[in-house]
Amino acid sequence: MRAQKIFSVLYWVLAFGLFATLVQMACFFGLFYVGLLAPLGLLAALTLIRVYHTRFVGKKEPLARFFQVMSGLCIAGFGALALLTAGMFFYAYHVPAPPPEDATVVVLGCRVNQDGTLSEMLRRRLDIAADYLLAHPESACITSGGQGPKEPGPEAVYMRDYLIQKGVAPERIYPESASSNTSENIRFSHDLLRQEGLSPRLVIATEGFHQLRAGYFAASEGLESTPLSCMSPWHVLPMYLLREYMGLAKAFFLHY
């Protein structure tokens with residue numbers, strides 16, 4: 001009985017968290033954003049587990065067996081996501097060896113507001129990149145990001161201007177303004193570094209949750225990379241983690 005109460009409380013806490021994240025994502029990205037499938041799928045899996053444990057545990061009919069198998073698969077799925085999340089943050093923040101002094105810093109783009117101000121996420125990426133560049137004067141920098149919907153211009157240009165304001169010399173910054181997603185960020189930056197003769201060893205500046213996917217695309221291009229990770233506020237982290245699960249699935253299965 002006590003175990004059932006604990007499970008019930010855990011279910012409602014997780015269900016409320018997933019529902020709140022679903023609402024947050026819908027408000028931020030729109031009602032038709034494909035990433036909403038992630039919290040919806042997890043809510044469905046969580047509900048299936050609860051139905052089995054409250055109605056079918058110990059029963060032998062075929063429907064009970066179905067719920068038992070599906071519940072086991074869902075629990076295994078939640079365990080896999082937990083391991084994936086741990087791996088994402090271990091990769092992002094555990095740097096086994098420092099990059100060479102002349103590494104190329106690639107800052108991955110993010111939303112620029114309609115009035116030309118930088119989103120907080122983009123500012124965090126640029127701040128950590130600026131700190132690195134000022135501490136490593138031999139490094140060059142590629143600012144990578146095209147112009148998205150409702151943006152006043154290419155993200156790469158605004159990113160370059162911000163780094164210059166932070167004290168990075170203009171001649172060290174190479175804007176890449178054609179990319180529209182993480183795969184293109186890395187691929188087009190690779191083209192640019194070859195064109196400009198920059199170091200093929202990358203330091204990728206982005207959020208911690210984003211680093212595994214960026215590193216995967218860098219490895220696919222034959223590039224060595226080191227994560228340079230900024231921290232995300234806790235209240236948006238669940239939303240972006242769920243979004244990143246979809247991005248990783250798309251990267252691994254579609255390479256996009």
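**Notebook: pockets, cysteines and one serine**

I started with the largest pocket and found that α1 (2–29), α4 (120–135), α6 and α8 (237–254) each supply at least two residues of its lining. This is a predicted model, where local features need pLDDT of at least 70, side-chain atom pairs count only at pLDDT 80 or more, and totals for chains, interfaces and linings use all residues. Residues are numbered from 1 along each chain as its sequence is written, and side-chain values use heavy atoms, with hydrogens and water left out.

For my own terms: helices (H or I, at least four residues) and strands (E, at least two) are DSSP runs numbered from the N terminus. A pocket is an open set of points on a 1 Å grid over the protein atoms alone, where a 1.4 Å probe fits, with protein on both sides within 12 Å along at least five of seven lines; lining residues have an atom within 4 Å of a point.

**Largest pocket**

I read off a volume of about 1,400 Å³, taken as the space filled by probe spheres set on the points, which are joined across faces, edges and corners. The lining has 44 residues, and Phe29, Cys110, Arg111, Ser180 and Arg243 are the closest to the centre. α8 gives the most, with 6 residues. By class I get 14 nonpolar, 19 polar and 11 charged residues (Ala, Val, Leu, Ile, Met, Phe, Trp, Tyr, Cys and Pro are nonpolar, Asp, Glu, Lys and Arg charged, the others, Gly among them, polar).

**Second largest pocket**

Here the volume is about 470 Å³. I see 19 lining residues, with Leu14, Leu18, Leu42, Leu46 and Phe78 nearest the centre. Two or more residues come from each of α1, α2 (37–56), α3 (62–93) and α8, and α1 gives the most, with 7. The classes are 16 nonpolar, 2 polar and 1 charged.

**Cysteines**

I searched the whole structure for disulfides (cysteine sulfur pairs within 2.5 Å) and got 0. Cysteine 110 is buried (under 20% relative accessible area; exposed is over 50%, partly exposed in between, 1.4 Å probe, protein chains only) at 15%, and cysteine 141 is buried at 0%.

**Serine 189**

I found serine 189 in helix α6 (residues 182–196), buried at 1%. Leaving out residues up to four places away in sequence, serine 189 touches Val106, Ile142, Ser144, Glu176 and Glu184 (contact is heavy atoms within 4.5 Å).
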